Amino acid sequence: IWRFGIGLDIELFMNNMGQFDNKGWKFDENTWANDLLRKIRYLRFNKEEDKLFIKVGALDNVTLGYGFIMDRFCNTLHYPDEKLFGAQFYLNNVSPIGITLQAVTQDFLEFGGKGPEGHKYEGGLVATRLGFRPLKATEIPLLKGLFIGGSYVTDRNQYAPARNWDL
């Protein structure tokens with residue numbers, strides 16, 4: 001719709017008896033918000049190549065810069081059992097010097113959440129890239145495309161979710 005996009009996820013689970021399970025379809029007083037959110041795979045504004053791009057929810061095939069530090073990342077490793085609430089934010093080629101900013105996190109719930117032993121999560125994967133085209137305004141064919149940038153990716157708590165791996 002206009003510049004907005006939504007990915008829906010209508011899930012049907014089967015139990016060990018081969019019958020459809022009501023997991024995610026209860027919508028009772030205690031679980032209605034979670035059950036409703038499980039139906040949304042992602043929400044996005046614009047597309048990755050636009051000047052402004054925002055996406056929250058499932059992230060698939062995310063690459064920062066040229067892929068040397070982050071290439072084809074996804075937060076859907078344990079999907080559909082675990083749905084992580086990630087985010088992508090891009091500002092592409094803005095200003096006279098072509099500033100570009102990219103930021104990604106795989107799950108907002110890892111910021112300030114608590115683990116099974118009461119351990120506080122300090123946040124999970126955070127990735128950023130900032131760059132610019134200093135000679136964008138020139139008409140020199142090779143130099144106007146010169147891009148200078150840097151990337152930074154960290155996992156602030158390697159042992160936080162991706163939700164409690166069996167190590």
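In this predicted model, Trp 2, Phe 4 and Phe 45 are joined into a cluster by ring pairs. The count of aromatic pairs comes to four. In one of these pairs, Phe 4 and Phe 45 are tilted against each other, with 5.0 Å from centre to centre and 55° between the planes. This pair links distant parts of the chain, since Phe 4 belongs to strand E1 and Phe 45 to strand E4, which covers residues 40–45, and the two are 41 residues apart. The two partners can also be placed by their accessibility: Phe 4, at 47%, counts as partly exposed, whereas Phe 45, at 18%, is buried because it falls under the 20% limit.

Another pair is formed by Phe 53 and Tyr 90, whose ring centres lie 5.4 Å apart and whose planes meet at 55°, so that this pair is tilted. Because Phe 53 sits in strand E5 and Tyr 90 in strand E6, the pair ties together parts of the chain that are 37 residues apart in sequence. Both residues are buried, Phe 53 with a relative accessibility of 3% and Tyr 90 with one of 2%.

These strands belong to a chain that has eleven strands and one helix, and the order of its elements from the N terminus is β-β-β-α-β-β-β-β-β-β-β-β. Of the contacts with a separation of 6 or more, 52% are between residues 24 or more positions apart. Buried residues account for 30% of the 167 residues in the chain.

A nonpolar patch of about 1200 Å² is built from residues including Ile 6, Leu 8, Phe 20, Trp 32 and Leu 36. Strand E1 (4–8) and helix H1 (32–37) each provide at least two residues of this patch. Phe 20, one of the patch residues, is located in strand E3, which spans residues 20–21, and is exposed because its relative accessibility of 59% is over 50%.

What surrounds Thr 105, not counting residues up to four places away in sequence? Thr 105 is part of strand E7, residues 99–105, and is buried, with 8% relative accessible area. Its contacts are with Leu 59, Gly 86, Ala 87, Phe 111, Leu 125 and Val 126, leaving out residues up to four places away in sequence. Leu 125 also takes part through its backbone oxygen, which the side chain of Thr 105 reaches at 2.9 Å.

Two residues deserve a look for their backbone angles. Most residues other than glycine have a negative phi. Arg 72, which is not a glycine, has a positive phi of about 55°, and this residue lies in the loop between strand E5 (52–57) and strand E6 (86–94). With a relative accessible area of 59%, Arg 72 is exposed. Asn 93 likewise has a positive phi, near 55°, in a residue other than glycine, but Asn 93 is found in strand E6. Asn 93 is partly exposed, because its relative accessible area of 28% lies between the limits of 20% and 50%.

Technical notes: Residues numbered from 1 in each chain as written. Predicted model: local features only at pLDDT ≥ 70, side-chain atom pairs only at ≥ 80, totals over all residues. Heavy atoms only, no water. Helix = DSSP H or I, 4+ residues; strand = E, 2+ residues; numbered from the N terminus. Buried < 20%, exposed > 50% of the residue type's maximum accessible area, 1.4 Å probe, protein only. Polar contact = N/O pair within 3.5 Å; in protein donor to acceptor, adjacent residues only side chain to side chain. Contact = heavy atoms within 4.5 Å. Patch = residues over 30% accessible without salt bridge, like charges linked within 9 Å, V, L, I, M, F, W, Y side chains within 5 Å. Areas by Shrake-Rupley, 256 points an atom, 1.4 Å probe, with all protein chains shown as cover. Salt bridge = Lys/Arg side-chain N within 4 Å of Asp/Glu carboxyl O. Phe/Tyr/Trp six-rings, centres within 6.5 Å; stacked < 30°, edge-to-face > 60°.
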